[in-house]
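Please keep the sequence and the three-dimensional view at hand while reading.

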Amino acid sequence: MTEQLRQRLYQELDALLLIDPHTHINQLAPASTTLADILGYHYYTELAHSAGLAREEIEQEGIDPREKVARLMTKMGALSNTIQYSWLLEMAQALFGFEGDVIDQDNWESLYDAAAEKMAAPDWAQQVLSKSKLEAVFLTNDFDDPLEGFDTGIYIPCLRTDDLVFKLAEPAVRSRLQQATNYSVVDLASLRNSLEALFDHFVAHQARACAISLPPGFSPTRVSDGRAATALSALLQDGNEADLNHQSAIAQYVFWTLAELCDQHRLPFDLMIGVNRSVYSAGVYQGQDLYDSRVSLIQYQELFNAFEAVTFPISVLASVTNQELTSYAWIFPNVVTNGHWWYSNTPTFIEHDAAARLEAVPRTKQIGYYSDMYKLEFALPKFNMYKRILAKILAERFVVDRGWNEENALDLGKQVLRGNVERIFNVG
Amino acid sequence: MTEQLRQRLYQELDALLLIDPHTHINQLAPASTTLADILGYHYYTELAHSAGLAREEIEQEGIDPREKVARLMTKMGALSNTIQYSWLLEMAQALFGFEGDVIDQDNWESLYDAAAEKMAAPDWAQQVLSKSKLEAVFLTNDFDDPLEGFDTGIYIPCLRTDDLVFKLAEPAVRSRLQQATNYSVVDLASLRNSLEALFDHFVAHQARACAISLPPGFSPTRVSDGRAATALSALLQDGNEADLNHQSAIAQYVFWTLAELCDQHRLPFDLMIGVNRSVYSAGVYQGQDLYDSRVSLIQYQELFNAFEAVTFPISVLASVTNQELTSYAWIFPNVVTNGHWWYSNTPTFIEHDAAARLEAVPRTKQIGYYSDMYKLEFALPKFNMYKRILAKILAERFVVDRGWNEENALDLGKQVLRGNVERIFNVG
Amino acid sequence: MTEQLRQRLYQELDALLLIDPHTHINQLAPASTTLADILGYHYYTELAHSAGLAREEIEQEGIDPREKVARLMTKMGALSNTIQYSWLLEMAQALFGFEGDVIDQDNWESLYDAAAEKMAAPDWAQQVLSKSKLEAVFLTNDFDDPLEGFDTGIYIPCLRTDDLVFKLAEPAVRSRLQQATNYSVVDLASLRNSLEALFDHFVAHQARACAISLPPGFSPTRVSDGRAATALSALLQDGNEADLNHQSAIAQYVFWTLAELCDQHRLPFDLMIGVNRSVYSAGVYQGQDLYDSRVSLIQYQELFNAFEAVTFPISVLASVTNQELTSYAWIFPNVVTNGHWWYSNTPTFIEHDAAARLEAVPRTKQIGYYSDMYKLEFALPKFNMYKRILAKILAERFVVDRGWNEENALDLGKQVLRGNVERIFNVG
């Protein structure tokens, strides 16, 4: 009975038109052109590498896309258990007309050709959006993105701020900032002016969020102008060689200023908490990052208290932090739970984490899911994975365990999938 | 099949008469007088505030109870997914004759009136106890509670010691201590005498436990008399302005002395580990506390080794600490698992945590549940939530997974619900 | 339907002939001689002690085995809920012809006699292996084990290195090292020579792994020869009194050297991460160790990067570390998930942890289970517990949730149970 109930709920959830509130889509090349764009997603390159394929094989310069796929396919058998492989399979079936249950060394070529043909259609991106029931997707734009030449009703800008906070010591970053804003950073005032100019630019182009990913050791705090000015001088003089204390003080200062600007411009500030970069330095591109799960939201106490009017949609990297996220969203009006990120974006963790949120955080304060995708083709299988798990939780934990009727369960599902995205980000 | 089995087990568990081993009931006003007492429980005020209701609206001075409920009801829709809302609904159905499935802005007034009428009965508290199948409830008394004017067979005293350990620097606390014991704290001897007097008073009034809640950073250790004397002098001289090292040394000294007195008086010492107070300082009353889940029971190693004759019923705030609790109770004869506390008192965490305990900790060393309630009406829905989860675990993990028969599963459930409470606290 | 599916999958998994990749079997006395060998396993002595039996009762010198069992049986009722008790029961039914469902004070004597009779058979060990469908078991040999007098095809040597890393300050350990290798440790060169001699000895006797258990605070790093030489001089001069900084530097040096030797000899290096020794110092033998779950694999970053050709099968003590293990095995080619260790070797944790691994780590990089047993009789119930959970996960999470067919699910189960053990350790 429960399986049929799950199926019914899934069908209803799957009928929704969605907005994907966090992706890494390039708005000027949103969809794939060959299967190499799909298999080149770090989830496949890093897993294939983990299963034994040399990085040099995967990242050989100038390699033909077909050859790259051929090499990665040698490891698909070793990955066939993974949920990531299941995304590939479901995508192939739904978008490329693939009819089998296995994609491997023996049959990938016809899939490659079939996909290439589909992808060659001039309206392929729109086809994918349509088949994926996506109305719009959030971008994660570099701060110096001109934000021109695309429809911001479909591709919604979002200001990514990692470089500003953590790499301002790099002359190249300051140079990009100057080019983007016409402000040369020479002191705190010009730094602040340049950041304001970025916000003005993004808001003028319909940006709906500011976003950043943060290492587990980061603990935001207000830094005095005096301290920040000293630190900025050191950075301007010594660049990457500047003392780490100065670099850290500037990171704090810029982060805090961004929160102030989010407040001013009424933009939610997406915090993605917990990643350590380049842990496996010999890994493939984007397959080097890991984490230390010993992080606590208590580190964000000062921030949450200081900016009561800023909404903070929070993603945590490790499932062991999910209870804190649940509790902080239950207590702080400005904290919102946001999706299932990266290493927690697999079914067992999603199920445990989503169930805990659904029963303890106000239903208006939960953003169910985002795809985090780099190419549009991934939204369909990723969202379907989430919808199946959501249907399972609603069936087992609400209808069976708590005696809810199906309609109410469905309403809850729809709200976390769609309604809250609209309201929290003011879109749709 | 499993659902019917769960139902049968639940019915049997629900037939038990229980003793609630931890509440915050005021023995002189144990039950509610209006729905404002129910909705004023921090679980509703903090969630309503989190969902957008201003603290000033909730805590306006002199506000009429009916108006307070009216304001809180504006946010019930946003909380209808929460397990806390389900407590309200089940309580209303079981105790106030409510017949709907939704309590909201449109229908709360009739419920308010119905509840007020029931609550006006002179034996309402006894009615609630009876409908809730509660034989007795533990209190959490301030150390200067006179403990008079009530039946200690129903309202069982428990000495709460938070103020003694963490606020002895406050002149008001020492003044209360002096009034309660006739000892003026001027040195270690008088401090110890006053603490002994408290224990004598509580034991004379049938107290059955000593209790305290502890921040994640606390790590008990024995402090020498010399160090403690120096610290106490500083506290007596400087009060709250005393150096934090001194305040910390006295906290350690008093805590250790309390453990000694528990040993002397054969009282279990309930430790509730992990809360950070006032994390969200602008929050509603009792809705400001959160935690840092990075806490370990290794911090209690010295204590558990030093007091082998003291039973320590332990509650942890975060589910990620539950495995340590399970393991420490499996190894240390004096460590007992105790209920599901606060932010872990929601179904997903209870299910995971209780399942882990039930299969690895001696069955004699598990206290299944306590309500933690402030008003008697909450025992019924909270215990029912737990009994349903316990029935689910017994059905799925014992009868199905391990092939137990129903009778044995039921015996295990009864023991953690009732038998162990009697034996461990020497009541019933 | 799911229950029947689970049963079918279990039956198929149970038909496999297995190799147990980690045990503490004494190859010269692999099986038990009386039930006291079974009940003397720390899982029973520590739980009986936790339930109230005095250590002196359990460990009385010269106690008759039958009397020891009689004493432990007084506490079996208090442990009847535990999975450890279920191991005893299943073992008694499968190996000793026991027909009841309860083993307790009233009926243990006939079981004792029946077991003793079975165990007296000269081929008892072989019978147990055969009934347990075990082809071979890995040992955990002291570094000075002569490794003679047994069939290394059945009892596969594994070099245990805890003493070398953490106890080299003890003269007795260095003396054992000298006797085993003929090298007297007087400087770094002789230390390294002696370690090389151990590896040569073990590899010559078909050792297939090196293993160590590590405290939560350990974080391997390369130590310079100069620093190590200074530290070694201090150790040679002061023994256990040597400064802890020197002891720690030598631990790091030896550990790193062992990794180099694993690299040279192509031996996997089993890391068992997270145990604190002697936390409960008054506990029974082997029942004193616990942990601090605040440990992260980020501590092993330098090691994993430095030794890309060494395979590290990793066990973690706490389930909260399992997601990190899953993620690190997903990214690092040389990190492999290894079984479910000690305090995480109970069904709720196994189910959660194994499910997370099975869906995100390449299927070639997961070692499903090892028994960790001291006596052969335990493999059967422990592996059966794991196989039932594996069947449950495959049924619920692969066949039902992800639509796999049974055959593919079974193949995955077989690979983590048997295939990967063969390939990773080069056996079978």
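## A buried valine and its surroundings

C:V316 counts as buried, because its relative accessibility is 5% and buried means under 20% relative accessible area, exposed over 50% and partly exposed in between, with a 1.4 Å probe and protein chains only. The structure is a predicted model, in which local features need pLDDT of at least 70, side-chain atom pairs count only at pLDDT 80 or more, and totals for chains, interfaces and linings use all residues. Residues are numbered from 1 along each chain as its sequence is written, chains are lettered from A and ligands numbered from 1 in the order in which they are written, and side-chain values use heavy atoms, with hydrogens and water left out.

C:V316 belongs to strand β9 (residues 312-316) of chain C; helices (H or I, at least four residues) and strands (E, at least two) are DSSP runs, numbered from the N terminus. Contact means heavy atoms within 4.5 Å. Beyond the residues up to four places away in sequence, C:V316 touches C:I273, C:T321, C:N322, C:L325, C:W341 and C:S344. Its C-alpha atom is separated by 9.0 Å from that of C:T337, 21 residues apart along the chain.

Helix α12 (residues 188-204) of chain C contains C:S194, which is buried with a relative accessible area of 0%. Apart from neighbours within four places in sequence, C:S194 is in contact with C:L177, C:T181, C:Y183 and C:V185.

In chain B, helix α18 (residues 379-400) holds B:M385. B:M385 is also counted as buried, at 5% relative accessibility. Residues up to four places away in sequence aside, B:M385 touches B:I83, B:W87, B:N345, B:P347, B:I350 and B:Y369. The C-alpha atoms of B:M385 and B:L412 are separated by 17 Å, and the two residues are 27 apart along the chain.

## The nonpolar core

A nonpolar core is a set of buried Ala, Val, Leu, Ile, Met, Phe, Trp, Tyr and Cys residues joined through side-chain atoms within 4.5 Å. The largest one has 463 residues, and those with the most contacts inside it are A:F269, A:L271, B:F269, B:L271, C:F269 and C:L271. The residues that A:L271 touches include A:I212, A:F255 and A:Y300. In soluble globular proteins, nonpolar side chains tend to be buried together.

## How the chains are related

## Cavities

A cavity is a set of points, on a 1 Å grid over the protein atoms alone, where a 1.4 Å probe fits but cannot get out; lining residues have an atom within 4 Å of a point. Grid points are joined across faces, edges and corners, and a volume is the space filled by probe spheres set on the points. The whole structure has eight cavities of 30 Å³ or more.

| Cavity | Volume | Lining |
|---|---|---|
| Largest cavity | about 280 Å³ | 21 residues |
| Second largest cavity | about 200 Å³ | 15 residues |

How values were computed:
On a 1 Å grid over the protein atoms alone, a cavity is a set of points where a 1.4 Å probe fits but cannot get out, and a pocket is an open set with protein on both sides within 12 Å along at least five of seven lines; lining residues have an atom within 4 Å of a point.
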